[in-house]
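Please open the structure in your viewer and keep the sequence panel beside it. The tour below goes from stop to stop, saying each time what to select and what is there.

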Amino acid sequence: MSYKANTKRYQELIYRRCGNSGLLLPPITLGLWHNFGGKKSMSKEAKKMLFRAFDRGITHFDLANNYGPPAGSAEENFGKIMNSDFKKYRDEMIISSKAGYHMWDGPYGEWGSKKYLTASLNQSLKRMKLEYVDIFYSHRFDPLTPLEETADALVQAVRSGKALYIGISSYSSKQTIKMNKLLKQKGVSCLIHQPSYSMINRWVEKDLLSTLKKLQIGCIAFSPLAQGMLSGKYIKSIPKISRISDNSSLDKKMITKSYLIKIKQLTKIAKKRNQSLPQMALSWVLRHKNMTSALIGARTVKQLDECLDSQKNLNFSSEELKAIDKYAKEEKINIWAKSSKD
Ligand SMILES: NC(=O)c1ccc[n+]([C@@H]2O[C@H](COP(=O)([O-])OP(=O)(O)OC[C@H]3O[C@@H](n4cnc5c(N)ncnc54)[C@H](OP(=O)(O)O)[C@@H]3O)[C@@H](O)[C@H]2O)c1
């Protein structure tokens, strides 16, 4: 039987305006970096997560050329669902893709050249069986390609109708200002910035958030749960089913003494708010007025539901924020820091 969306799906979430654009995004976006790949198809649980997300008002799905494994398979698997169950809902969805990290061999398979970005977007559209993506991102800043060229490729993506909006990811405040200016000169707006941001990775607070506010660019924070570290799962040991055990983007070296102290204290504060730590972590990221969306990942429908329930308590008292600030301090977990250094 084919999927039929919940008729009450738009009654739960409060959508947020992305910068000064016409686009509203859900406060929680689902990303397909982990758990949606696979050579033949995505897992049954992954498919259930997509349907559950849409049923609870998540209209925005975030992908990239290299999501899998293997690279490309998340887009391909998502494309199969797009072409079947989700087909009739295409106009209710915002689908993002990106290019910047290594995707294929040779000098044109990564970074920010026009050649790479254009070829990659064409490949992504084919894999997802889409005519256009809603948002196309430069996935990381390329220090060796002139920014003008990357901007030109992004503008061409819009002019050719293959992308509706443009985004950048993990760019520093300085490079964001430059890119925004270049795009403006060509008559296209930078819709959104996608940086990493969480209670234990706060680099955006230095100057990026205020820059985005000033430029009226939206912001979608990725890894707001610090890849699952902002939960109690690593307190006692490393669970067999977890991102660290998958031996992928999280390293058990990141489970330090100082990290564990923070997690235990933050969990206590969350409990007083009647929230779990993941829920408080999401509400906390969304406390900024100009934070458009928190971009989560999930392994199960249960995790996804728990994350969405964060929306029941979005308010913080100044005492709560003070108490959180005592423990919401930097851990060395920002594996994307290099891109935003320039
Ligand atoms: N632009 C970029 O460079 C970039 C980089 C990274 C990510 N992203 C985007 O951001 C999305 C999210 O990244 P992320 O997956 O790192 O985000 P995240 O939300 O910080 O971490 C997701 C992980 O947290 C755990 N989790 C989720 N809900 C939980 C809950 N309720 N209780 C306990 N644990 C929970 C799960 O880990 P377990 O698997 O251990 O259960 C899940 O896989 C990606 O899919 C991608 O779209 C973009």
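A residue is called buried here if 20 or more other C-beta atoms lie within 10 Å of its own, exposed if 12 or fewer do, and partly exposed in between, with the C-beta atoms placed from the backbone. Helices (H or I, at least four residues) and strands (E, at least two) are DSSP runs, numbered from the N terminus. What you have open is a predicted model, in which local features need pLDDT of at least 70 and side-chain atom pairs count only at pLDDT 80 or more, while totals for chains, interfaces and linings use all residues. Residues are numbered from 1 along each chain as its sequence is written.

**The whole chain**

Begin with the protein chain as a whole, which has ten helices and ten strands. Its radius of gyration, taken over C-alpha atoms, is 19 Å, close to the 20 Å that the globule rule (2.2 Å times the number of residues to the power 0.38) gives for 342 residues, so the chain is as compact as a globular protein of that length. Along the principal axes, the C-alpha atoms fill a box of roughly 50 × 50 × 40 Å, and 48% of the 342 residues count as buried.

**Helix α2**

Select residues 73–82, which form helix α2, and you will find a mostly covered helix, with eight of its ten residues buried. Those buried residues are S73, A74, E75, E76, N77, F78, I81 and M82, and they pack against α1 (44–55), β5 (94–99) and α3 (114–128); this packing rests on contacts, where two residues are in contact if their C-beta atoms, placed from the backbone, lie within 7 Å.

Next, select K40 together with N77: they are 37 residues apart in sequence, and their C-alpha atoms are 7.8 Å apart in space. K40 is found in the loop between β3 and α1, and it is exposed, with 8 other C-beta atoms within 10 Å.

Most residues other than glycine have a negative phi, and most peptide bonds are trans.

Then select N35, in the loop between β3 (28–31) and α1, where phi is near 80°, a positive value in a residue other than glycine. Is N35 buried or exposed? N35 counts as buried, because it has 21 C-beta neighbours inside 10 Å. K129, in the loop between α3 and β6, has a positive phi too, near 55°, but K129 is partly exposed, with 16 other C-beta atoms within 10 Å.

**Strands and their partners**

Two strands pair if DSSP finds at least two bridges between them. Select β6 (residues 133–138) and β7 (residues 163–169), which pair in the parallel sense over five bridges; S138 has I168 of β7 as its bridge partner. Strand β7 is mostly covered, with six of its seven residues buried.

Go on to β9 (residues 218–222), where five of the five residues are buried, so the strand is largely enclosed by the rest of the structure. Both of its faces are covered, with G218, I220 and F222 on one side and C219 and A221 on the other. Strand β8 (residues 190–194) runs parallel to β9 and is joined to it by two bridges, and the bridge partner of I192 in β9 is G218.

**The core**

A nonpolar core is a set of buried Ala, Val, Leu, Ile, Met, Phe, Trp, Tyr and Cys residues joined through C-beta atoms within 7 Å. The largest such core has 92 residues, and those with the most contacts inside it are I135, F136, A221, A281 and V285. Helix α8 (residues 277–285) supplies the largest share of this core, six residues.

**Around the ligand**

Finally, select the ligand, which 30 residues surround, the closest being G31, W33, L225, G228 and G297; a residue counts as near if its C-beta atom, placed from the backbone, lies within 6 Å. Helix α9 (301–308) and strand β10 (293–296) each supply at least two residues of this shell, and α9 gives the most, with three.
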